[in-house]
Amino acid sequence: MRARFLRFAGAKSRARRALTVGLFLALFASAANAQQGTPEQRRACTPDVYRLCAGEIPNVRAITACLRRNCSSLSEACRTVFDQAGG
C-alpha cells in the first residue's frame, strides 16, 4: 500500500512540475511575442535589423538595444515605430 501511495505522490509531483514548466514557457512565449512588436512594426524595422544589428539576431532585447543605439541611422519607417513606442 505504501509503495502505491509513493508512486501516486511521485506522479502527482511530476505532473505539477510539468504544469509549472508549461505555464512558464507559455508566459515566456507571450512576453517574447509582445517584445517583437506587431507584424507592421517588424516589417518596418527588419531591413534596419539586418543592416545595423545582424549580429544580435535572434536576441530580441539585444536587437532593440542595438536599434536604439543606432537611432540616427534608422530608416524613416523604423524610426517612426520607435517614436510611437516612446523609445
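Which residues on the other side of α3 are exposed? In this predicted model, they are Arg-61 and Arg-69. The buried residues of α3 are Val-60, Ala-62, Ile-63, Cys-66 and Leu-67. These five cover an arc of only 160° around the axis, so they lie on the same side of α3.

In general, nonpolar side chains tend to be buried together in soluble globular proteins.

The next topic is the pair α2 and α3. Their axes come within 10 Å and cross at roughly 85°. The range for roughly perpendicular is 65 to 115 degrees, and therefore α2 and α3 count as roughly perpendicular to each other. Where they meet, α2 brings Cys-45, Asp-48, Val-49 and Leu-52, while α3 brings Ile-63, Cys-66 and Leu-67. Beyond its neighbours within four places in sequence, Cys-66 is in contact with Leu-52, Cys-53 and Glu-56.

The loop between α2 and α3 contains Pro-58. The peptide bond from Ile-57 to Pro-58 is cis, and its omega is near 15°. Most peptide bonds are trans. Asn-59 caps the N-terminal end of α3, with a side-chain oxygen 3.2 Å from the backbone nitrogen of Arg-61.

Technical notes. Residues numbered from 1 in each chain as written. Predicted model: local features only at pLDDT ≥ 70, side-chain atom pairs only at ≥ 80, totals over all residues. Heavy atoms only, no water. Contact = heavy atoms within 4.5 Å. Buried < 20%, exposed > 50% of the residue type's maximum accessible area, 1.4 Å probe, protein only. Helix = DSSP H or I, 4+ residues; strand = E, 2+ residues; numbered from the N terminus. Arc of directions from axis to C-beta. Polar contact = N/O pair within 3.5 Å; in protein donor to acceptor, adjacent residues only side chain to side chain. Axes fitted to C-alpha atoms, helices over the stretch in contact; angles between N-to-C directions. Parallel < 35°, antiparallel > 145°, perpendicular 65-115°, else oblique.
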